[in-house]
Amino acid sequence: MAKRKWIRTFLAACVVAGVAAMVTGCGSTSDVVEIEVIQSKSEASDIFEELEEEFNKTHEDIHLTITTPNDAATILQTRFIREDYPDIILIAGDVNYSYYVDAGILADVSDYEGLSLVNEAYIEILENLEFVPTEGTFGIPYVANAAGVLYNMEMFEEHGWEVPETWDELIELCETIQSEGILPFYFGYKDTWTCLAPWNALAVSLAPSDVCQQVNRGLTTFTTEYREIAEKMLTLLTFGEKGAVGYGYNDACTAFANGQSAMYTIGSYAIPQIKSVNPDMVIGSFVMPASNDAEENVLNSGIDLQFCVLEACENKDAAYEVIDFFLEHENVQTYLDSQIAIPCLNDGEYELADELDGMLAYIEEGKMVDFQDHYYPAEMSVDAMIQTLLIDQDVDEFLSDFDTNWVRYNRDIIQMVEDYEAERAED
């Protein structure tokens, strides 16, 4: 069932069911308020189990239960349709969040005092994800990740290679590395989602940050905005392993960890995996220098996890108390240390992993743009489309398919935008 269809089903059910259907968690009649959280990041389940235990030890009036399903998006969709709502969800800032805002299932958290701690750049990222401007704030950004280029620092120092700041410098570096008999990049494109890492890192500097909204409004096309990105994806491919689509994410992490390539176009989220193979590896990072104007290059950073309170939660104060706990400086730092993540908060100095030093200035300046794929509907399978581009190397066909499929899978959203624009014109 298409997302838009289940959203309509959900909304209709809400009208009929009303408050009486708001079940579980906050509806408990005991003196202890039960708060249920579903969080979507399976690799962080151990950290959340520790935090859950610590919360329950220190709070007598609230009992916290955190669940980490393998496929959180599917589980949440099923529960929403069944009107079986948790109290809080911890999800990424991606298109699913956009659907939830549109469906009206998230509570407005504008009254949450902790919002004042959040970096404004991440609040803006959330606002931009809304299909049409919606009054209120519906997420509390928690942690972010960043994608660019990871590199073997010891290898760079040994050979005297310098971190590039422009596209031409990157290509010159790749040619130098290659001439010395070393593989510049390892990609691991067999797992289609990995194709999105360099794609996003290029796109934030080469395409408008609101390109998807512009397309929905009929102001431009992906054929116009994405050509340079597609062409540069193919250029990078020439500096990677032969048959990159035959190797997966684990293969790429292992190869990079073992010194089989000098660089790896991936996000900060891959560092723990790489370190599990080679704990002693010294990893550096830099922003993808997609443009030849260094000032135009920005960091690709998006919200990895945010707190969203469900509209169905009857004890919002208790939910806020739970979020307060997670936003305590010590607890945020615990998560950052475990996941090599970036805080979305400005409540003091956090110790970031040394591997992120090359991106720190961009983070501090707020010079970052969200992942383009956070706007792509899952049904469109853009990752598979990019993989096909890398195999067939037909840029024109790829761009044509992108525009055609975008209309196919976003028809309802495009209509919604048209209706919104028409209403604004009338006003």
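Keep in mind that the model is predicted.

Let's start on the surface. Six residues gather there in a patch of negative charge: Glu-162, Glu-165, Asp-168, Glu-169, Glu-172 and Glu-175. Take Glu-175 as an example. Glu-175 sits in helix H7, which runs over residues 167-179. Is Glu-175 buried or partly exposed? Its relative accessibility is 45%, so Glu-175 counts as partly exposed.

Now the cysteines. A disulfide is a covalent bond between the sulfur atoms of two cysteines. How many disulfides are there by the distance rule? The count is 0. The rule asks for two cysteine sulfur atoms within 2.5 Å.

First up, Cys-212. The closest cysteine sulfur to the one in Cys-212 belongs to Cys-195. The two are 18 Å apart, so they are too far for a bond. Cys-212 is also buried, with 3% relative accessible area.

Next, Cys-308. Here the closest cysteine sulfur is in Cys-344, at 12 Å. Again, that is too far for a bond. And where does Cys-308 sit, buried or exposed? Cys-308 counts as buried, because its relative accessibility is 0%.

Last stop: Val-37. This residue is part of strand E1, residues 33-39. With a relative accessibility of 1%, Val-37 counts as buried. Now look at Val-37 together with Leu-64. Along the chain, they are 27 residues apart.

To recap: a negative patch on the surface, 0 disulfides, and a buried Val-37.

Conventions
Residues numbered from 1 in each chain as written. Predicted model: local features only at pLDDT ≥ 70, side-chain atom pairs only at ≥ 80, totals over all residues. Heavy atoms only, no water. Patch = residues over 30% accessible without salt bridge, like charges linked within 9 Å, V, L, I, M, F, W, Y side chains within 5 Å. Areas by Shrake-Rupley, 256 points an atom, 1.4 Å probe, with all protein chains shown as cover. Salt bridge = Lys/Arg side-chain N within 4 Å of Asp/Glu carboxyl O. Lys, Arg positive; Asp, Glu negative; His and termini not counted. Charge placed at Lys NZ, Arg CZ, Asp CG, Glu CD. Helix = DSSP H or I, 4+ residues; strand = E, 2+ residues; numbered from the N terminus. Buried < 20%, exposed > 50% of the residue type's maximum accessible area, 1.4 Å probe, protein only.
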